[in-house]
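Please find below some notes for a colleague who is meeting this structure for the first time. They are set out as numbered points, to be read beside the model.

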Amino acid sequence: MELLKQQWLLPEISYQERHQQLAALGKALFFDSNLSIDFSTSCATCHKPDQAWADGQATATGLKNKTLRRATPSIINTAYSLTFMWDGRSPSLEHQALMPIFNPEEMGLNADLLVKRIEQNPSYSELFDAAFDSNDITIHKVGLAIAEFERTIVSRNTRFDRWLKGDKNAMTLEEREGFRLFLDGQKSGCINCHNPPNFTDHGFHNIGLAKLEGQSADLGRFNQTPLNIMKGAFKTPSLRGTPLTAPYFHNGSANTLEEVVDHYQDGILAKENLSPSLINITLSQEDKSKLVAFLKTLQ
Ligand code: HEC
Ligand code: HEC
């Protein structure tokens, strides 16, 4: 037995414990503003727990108050995502976690500085030791730990989920009618891209958002996949947590969920390279309210 353990054939601790210790380290790192060049910014500066892990701004604010180009997405249920960032340019949570730390506009460190900042705080030594059986600090381990923490940020007990599991009172009649509309491929078309339970198809679509005044066009997924249909296409976001994450869309151009629905009905102005999964919709005011009422159960 001892020999097997020594040779790593049997883990010293259970996988559950390992997960918890990794996530505990990741949590400490996620909330640590010493991991930015001017000590001002942690992941949680932009991904705020009380705002469904987004920031309530049209687009993010970076170091020195610089307005960045894209909105901060919620990180709820990114455990189930296949690609990361609005254009899907990152393949894993582990990979993504280091991007903002090294981005000169977001946290602005480099690899050496990241390790140094962590070494300067003695409490990390124990957390690294618990998570990795060694207090040696590497950027690879930083990515692993933050990703493991993010995987604990899940939504699966909203009113919608409780209704789905059989609690008839968890949703009102209006909300249930809204869900039926949501599922209707002819009437709303939402289901074409936002598939339950996570309300995404993991795909990329151009949904006809107009270019904002004074901004150059954001080509989105086209930078990764240079096909015309990917020009202006962005990742279908999960709608979990959405009631708390206004403004909406990658450029923050819709202020409310009502404005989002209005966009799909009347706002599709940019007609080039539109997703073939979009349909023309003509919802009554009442239907729109029902749809929005349903979306608000996803919190
Ligand atoms: C200055 C604000 C800011 C900071 C700081 C920040 N983020 Fe983000 N985060 C964003 C923005 C904006 C995006 C979208 C960027 C894009 O698509 O180009 C994003 C995207 C993400 C995504 C992808 C979500 C998805 O659904 O694709 C994850 C995960 C994430 N951030 C985690 C983190 C972690 C972990 C940290 C800290 C190491 C962090 N963020 C720091 C603003 C920020
Ligand atoms: C063709 C696929 C498609 C269809 C159909 C579709 N969506 Fe979307 N949805 C997306 C994509 C892609 C985005 C992100 C677009 C962007 O920001 O550029 C999005 C964004 C959203 C957002 C904003 C989320 C956020 O975090 O900013 C909401 C809310 C939303 N959709 C609800 C709906 C509703 C309600 C319907 C039906 C009326 C619908 N969608 C139909 C693909 C689709």
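The points below take up the model itself, the metal site, the annotated positions and the nonpolar cores.

1. This is a predicted model, in which local features need pLDDT of at least 70 and side-chain atom pairs count only at pLDDT 80 or more, while totals for chains, interfaces and linings use all residues. Residues are numbered from 1 along each chain as its sequence is written, chains are lettered from A and ligands numbered from 1 in the order in which they are written, and side-chain values use heavy atoms, with hydrogens and water left out.

2. The iron atom of ligand 2 is coordinated by His194 through NE2 and by Tyr264 through OH, at 1.9 to 2.1 Å; donors here are N, O and S atoms within 2.8 Å of the metal (3.2 Å for Na, K and Ca), and sites may look incomplete because water is not among the atoms. The arrangement is octahedral because the six donor atoms around this iron atom subtend angles of 84 to 179°, the term requiring opposite donors over 155 degrees apart and all others between 65 and 115.

3. The two coordinating residues come from distant parts of the chain, 70 residues apart, with His194 in the loop between helix 9 (173-183) and strand 1 (204-205) and Tyr264 in helix 10 (residues 257-267). Helices (H or I, at least four residues) and strands (E, at least two) are DSSP runs numbered from the N terminus. His194 counts as buried at 10% relative accessibility, whereas Tyr264, at 24%, counts as partly exposed; buried means under 20% relative accessible area, exposed over 50% and partly exposed in between, with a 1.4 Å probe and protein chains only.

4. Leaving aside neighbours within four places in sequence, His194 is in contact (heavy atoms within 4.5 Å) with Phe182, Phe199, Thr200, Thr236, Pro237, Leu239 and Tyr264. A polar atom of the His194 side chain also lies 3.0 Å from the backbone oxygen of Phe199.

5. An unreviewed UniProt entry gives the annotation "binding site" to Cys190, Cys193 and His194; such annotations may be inferred rather than shown by experiment, and their positions are given in the numbering used here, with feature names shortened. Cys193 is in the loop between helix 9 and strand 1 and is buried, with a relative accessible area of 12%.

6. The "binding site" feature is also placed by UniProt (unreviewed entry) at Cys43, Cys46 and His47. Cys46 has its place in helix 3 and, at 14% relative accessibility, counts as buried. His47 lies in the loop between helix 3 and helix 4 and is buried as well, with a relative accessible area of 17%.

7. The largest nonpolar core has 29 residues, of which Leu29, Ile118 and Val142 touch the most other members; a nonpolar core is a set of buried Ala, Val, Leu, Ile, Met, Phe, Trp, Tyr and Cys residues joined through side-chain atoms within 4.5 Å. Among the helices that each supply at least two residues of this core are helix 2 (15-30), helix 3 (43-46) and helix 7 (139-150). Apart from it lies another core, of 23 residues, including Cys190, Leu291, Val292 and Phe294.

Notes:
Tetrahedral: all angles 85-135°; square planar, octahedral: opposite > 155°, others 65-115°. Polar contact = N/O pair within 3.5 Å; in protein donor to acceptor, adjacent residues only side chain to side chain.
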